[in-house]
Amino acid sequence: MNDIKPAVEVRAVSRTFGGRKGASVTALESVDLSVAPGEFVSLIGPSGCGKSTLLRLIADLDTPTSGELSVFGKPARQARVDQDYGIAFQQAGLLPWKTVTGNIELPLALHGAGRSERRARVSELLELIGLTDFAGHYPDQLSGGMQQRVAIARALAESPKLLLMDEPFGALDEMTRERMQNELVRICAETQAAVVFVTHSIPEAVFLSDRVVVMSPRPGRITDVIDVSLGGPAERDDSLREDEAFFRGVAKVREALHGVPVAGARGVDTR
Ligand SMILES: Nc1ncnc2c1ncn2[C@@H]1O[C@H](COP(=O)(O)OP(=O)(O)OP(=O)(O)O)[C@@H](O)[C@H]1O
């Protein structure tokens with residue numbers, strides 16, 4: 001009857017890295033997390049708590065020491081083969097010798113889409129990210145924010161229902177960053193994609209997310225999952241950044257990060 005599969009399901013996942021001379025690092029220990037289709041979940045926590053490791057495991061760029069991960073009900077490996085998700089990292093990672101169009105259409109070209117299909121999709125994506133006039137530009141002719149938008153368009157090229165983003169706005173100035181957050185809210189509403197988003201910024205996590213997953217290091221664990229959803233895209237504009245509800249969300253996540261018990265934090269997902 002109810003066969004809606006979670007976008008991401010992480011069950012009892014641990015990842016230990018072997019170090020030199022027998023020393024090992026438990027990057028993740030017994031992590032459980034479920035992300036619903038269309039849901040926006042941020043991972044936040046101090047350096048070394050395993051955020052990137054968790055994202056890499058979901059993306060099948062690494063394999064867990066124990067536990068299981070699935071993406072839309074498939075093993076992570078199969079989801080990667082089937083291109084069920086798009087990835088965007090802190091560095092836009094564009095090919096400098098290709099134009100904006102060439103970069104965005106790359107995944108489509110790699111998977112055999114014909115020229116006219118590619119061009120039609122690229123023009124939709126350029127419109128989505130507001131860079132139609134820059135189709136023929138090269139990455140070094142664009143600002144950091146524009147490059148990051150191109151990277152997001154590339155991640156969206158194959159219409160994935162899941163986006164995995166590791167500090168995609170980390171290198172941007174504050175104003176550009178906020179603009180990009182506004183755009184991401186809009187893009188997610190339009191594409192209905194679920195997002196797993198790694199960030200160091202509490203306001204960014206609160207502004208963007210339905211839930212914020214708080215992690216702690218050594219060993220990397222989930223210590224809190226906080227519902228912060230501040231409404232649909234229509235409500236999430238710049239005025240929200242000065243709203244009481246936004247400040248309450250920020251305070252809640254900050255308290256959780258600093259280990260103070262949070263009254264009313266729901267959905268704690270620890271073992
Ligand atoms: N390939 C690897 N080999 C050995 N240790 C690793 C490897 N990748 C990650 N680690 C270790 O695992 C732990 C978690 O690292 P991870 O990069 O996931 O943390 P993070 O929360 O994303 O940190 P940051 O916020 O600084 O990016 C760290 O102690 C790190 O040194």
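Predicted model: local features only at pLDDT ≥ 70, side-chain atom pairs only at ≥ 80, totals over all residues.
Local features were taken at pLDDT of at least 70 and side-chain atom pairs at pLDDT 80 or more, whereas totals for chains, interfaces and linings use all residues. Residues are numbered from 1 along each chain as its sequence is written.

The chain is divided into domain 1 (1–84 + 163–271) and domain 2 (92–159), with bounds that come from an automatic or database domain assignment. The C-alpha centres of domain 1 and domain 2 are 26 Å apart.

Helices (H or I, at least four residues) and strands (E, at least two) are DSSP runs numbered from the N terminus. Helix 6 (residues 144–156) and helix 7 (residues 174–191) have axes that come within 11 Å and cross at roughly 20°; axes are lines fitted to C-alpha atoms, for helices over the stretch in contact, and angles run from 0 to 180 degrees between N-to-C directions. Helix 6 and helix 7 are therefore roughly parallel to each other, a term for angles under 35 degrees. Their crossing is right-handed, meaning that the near helix is turned clockwise from the far one by less than a right angle. In the contact, Gly144, Gly145, Gln148 and Leu156 of helix 6 meet Thr176, Arg179, Met180 and Thr191 of helix 7. These residues divide into two nonpolar, five polar and one charged.

Ser66 lies in strand 4 (residues 66–71). Ser66 is exposed because 12 other C-beta atoms lie within 10 Å; the cut-offs are 12 or fewer for exposed, 20 or more for buried, and partly exposed in between, with C-beta atoms placed from the backbone. Beyond its neighbours within four places in sequence, Ser66 is in contact with Ala12 and Ser14. Ser66 and Ser30, 36 residues apart in sequence, are 8.5 Å apart, C-alpha to C-alpha.

Arg119 is placed in helix 5 (residues 115–129). Arg119 counts as partly exposed, with 15 C-beta neighbours inside 10 Å.

Technical notes
Contact = placed C-beta atoms within 7 Å. Parallel < 35°, antiparallel > 145°, perpendicular 65-115°, else oblique. Nonpolar A, V, L, I, M, F, W, Y, C, P; charged D, E, K, R; others polar.
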